[in-house]
Amino acid sequence: MPLTVICLRLHLLFFSEDMFQDTRANLDATVAKFRNSALAESTKRTYRTYLLAYVKFCTLMRIPLMPISPQNLGRFVAYLSCKLSFNSIANYLSIVRYIHLQAGYHNPLDTVYAQNIIKGAKRVLGVRTNSKLPITPLLLSKLHSVLDFTLSLDITFWAACLVAFFSFFRKSNLFAPSTRLFDQDRHLARNNISFSSSGALIKVSWSKTIQFNQRALQIPLPHIPNSKFCPCCILKLTLTLHTPQSPGPCSAFLFREGQQLKLLTYNLFLSKIKSSLRQVGVDPSAYSGHSFRRGGTSFALECGLSPVMIKSQGDWASDAYQLYIDPSLSHRLQVASKLGEEFGKFSTSS
């Protein structure tokens, strides 16, 4: 009997119609899970905001969502320009591209007409961004001066400030939005921190550039003896003071309110930054939680660290880290002085 006939009979013998239906349903469920996981949760939330604006525009214009004509795409750009910067418009347009490709249509942004509209909007609106200012060592010192270290919250807040400054971490790696949404694989957890005589070591298994478990990242923090700026000392203190009674994963940034341990969320951290800045007479609107990441990279540059080392510490996959570096005027004066010195030698020798 031919082998193909034997295989066919075995197939009919072992796989009934019910088994076929169950297998297909299980496979389809796995496919749906994979497709749903294609975008990170943060990207999904952002896309929902973009989609809401696009749906509102289409409703206002009484047109279907898809396919959009080049003329209506241009009108959508004009509609967005009433409230948004060019950089934001470019982000909002990504949802138009995404839903069209998902539905099997061509990319409506990929036409000469659309590209001319987008380029014209860029020229008219400009692309300058109002970046938040960096947190400098001097400003850190001022923040320290208004904290009350008899208060549990202030101890934890200062630990978060120093970890954010020295690690160059993104806020998504430090703070959970709420206790319910804390994830030990994404947010800084107690069990991902180890200490030694040279400092602390933080293990990171997820970040903006580590989405698929492709690698693990270890970020060291320095030990600065007898200094209020030592991230290891204050981090070790807050972990000691705020040890939960029940075992299990928990955030590194807990504080005590009465007899209850609470989580230092990003919103609470940001609120504390702004209130502390007001106390020292600094406009808080010019700063955000990201100011620590920018401040740390700028200070590293002024310390003479190489771009490669800065890029590694901050876990940048591209050269985008250069956007965070904000050398001070004194650093630029050093550059000008060095250029003048070298040119003086050239003039003398010639």
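Of the 350 residues of the protein chain, 35% count as buried, meaning under 20% relative accessible area with a 1.4 Å probe applied to protein chains only. The model is predicted, so local features need pLDDT of at least 70 and side-chain atom pairs count only at pLDDT 80 or more, while totals for chains, interfaces and linings use all residues. Residues are numbered from 1 along each chain as its sequence is written, and side-chain values use heavy atoms, with hydrogens and water left out.

The protein chain holds 14 helices and five strands, which are DSSP runs (helices H or I, at least four residues; strands E, at least two) numbered from the N terminus. Among contacts (heavy atoms within 4.5 Å) between residues at least 6 apart in sequence, 59% join residues at least 24 apart.

**Nonpolar cores**

A nonpolar core is a set of buried Ala, Val, Leu, Ile, Met, Phe, Trp, Tyr and Cys residues joined through side-chain atoms within 4.5 Å. The largest one has 44 residues, of which Val163, Phe253, Phe269 and Phe292 touch the most other members. Elements that each supply at least two residues of this core include helix H7 (137–145), helix H8 (152–167), strand S2 (199–204) and helix H11 (266–279). H8 gives the largest share, eleven residues. Beyond its neighbours within four places in sequence, Phe269 is in contact with Phe157, Ala160, Cys161, Phe175, Leu264, Gly289 and Phe292. A second, separate core of 22 residues includes Ala53, Ile68, Phe86 and Ile118.

**Helix packing**

Axes are lines fitted to C-alpha atoms, for helices over the stretch in contact, and angles run from 0 to 180 degrees between N-to-C directions.

| Helix pair | Angle | Axis distance |
|---|---|---|
| H8 and H12 (residues 290–302) | about 50° | 7 Å |
| H4 (residues 70–81) and H6 (residues 112–125) | about 15° | 9 Å |

H8 is therefore oblique to H12, whereas H4 and H6 are roughly parallel to each other; angles under 35 degrees count as roughly parallel, over 145 as roughly antiparallel, 65 to 115 as roughly perpendicular and the rest as oblique.

In H8, Cys161, Ala164 and Phe165 meet Phe292, Arg293, Gly295, Gly296 and Phe299 of H12. The residues of this contact divide into five nonpolar, two polar and one charged, where Ala, Val, Leu, Ile, Met, Phe, Trp, Tyr, Cys and Pro count as nonpolar, Asp, Glu, Lys and Arg as charged, and the others, Gly among them, as polar.

Pro70, Gln71, Leu73, Gly74, Val77 and Ser81 of H4 form the contact with Tyr113, Ala114, Ile117, Ala121 and Leu125 of H6. By class, this contact has eight nonpolar, three polar and no charged residues.

Key:
Buried means under 20% relative accessible area, exposed over 50%, partly exposed in between (1.4 Å probe, protein chains only).
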